[in-house]
Amino acid sequence: ASCPSLLLEPSRTNGFAYSEYYGAWSKTNVTATANTTISPDGSQNAATITSDGTASIHDIWQGFTGGTSNSVSFFVKRGTSRYVYLSTSYQATTSDFATILVDLDTQSVINTSLGNVTFVSSSVVNYGNGWYRITSNTTAATAVNLYAFVGISSTFIFNSSLYGRQVSTTDQTAIFYGIQAEAGASYPTSYIPTNGVSQTRAQDL
């Protein structure tokens, strides 16, 4: 038998005000249907994101409180879309961002960055039942006007538009849950739910 162990984590804050309720997120050519799917926490609180099939960007996006280094992560389950992306934008400019594009069938990741943003690392962790946690770790010179764009792509080739967001051409779906931004971090910690305001988890002792 294996010995029991404790998960000891530092204090971290989820800088997003709404980590699960995507009705509060801005949307570009998608709809977000809440509570369609059982999430990794065992509750039916994951949302289905559906693109409208136009030849355009398809994502949800929100500003967050962060720093000059940030670890941004989200949980995703494959719908009809094989590919999803996460773009972290600094300074709210179209030329300062880092984007990762993920193949959910193979868990392959490609990345690109532009301007004063440096892509550091990424990860795709299998949570079972078709769920993956995707993380992008980035750094930049300035920590103002931070945004994350989480979306659907119809290709595994970068065709970046504004803020590193992908252009897709088909009507597709993906299931999202638990989007998190951790300031001053180079790796993600366990999920911190938020509903209207950012939340901090105390350091484990």
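This is a predicted model: local features need pLDDT of at least 70, side-chain atom pairs count only at pLDDT 80 or more; totals for chains, interfaces and linings use all residues.
Colleague: Which residues of the largest nonpolar core touch the most other members?

Modeller: Residues are numbered from 1 along each chain as its sequence is written, and side-chain values use heavy atoms, leaving out hydrogens and water. A nonpolar core is a set of buried Ala, Val, Leu, Ile, Met, Phe, Trp, Tyr and Cys residues joined through side-chain atoms within 4.5 Å, and buried means under 20% relative accessible area, exposed over 50%, partly exposed in between (1.4 Å probe, protein chains only). Of the 31 residues in this core, those touching the most other members are Ile 60, Phe 74, Val 76, Val 84 and Phe 176.

Colleague: Which strand gives the largest share of this core?

Modeller: Strands here are DSSP runs of at least two residues, labelled E and numbered from the N terminus. Several strands each supply at least two core residues, including E7 (69–78) and E15 (173–183). The largest share, four residues, comes from E15.

Colleague: How far apart in sequence are the parts that Phe 75 and Tyr 127 tie together?

Modeller: Rings of Phe, Tyr and Trp (its six-membered ring) pair if their centres lie within 6.5 Å; planes under 30 degrees apart are stacked, over 60 edge-to-face and the rest tilted. Phe 75 and Tyr 127 are edge-to-face, with 5.0 Å centre to centre and 85° between the planes. Phe 75 lies in strand E7 and Tyr 127 in strand E11, so the pair ties together parts separated in sequence by 52 residues.
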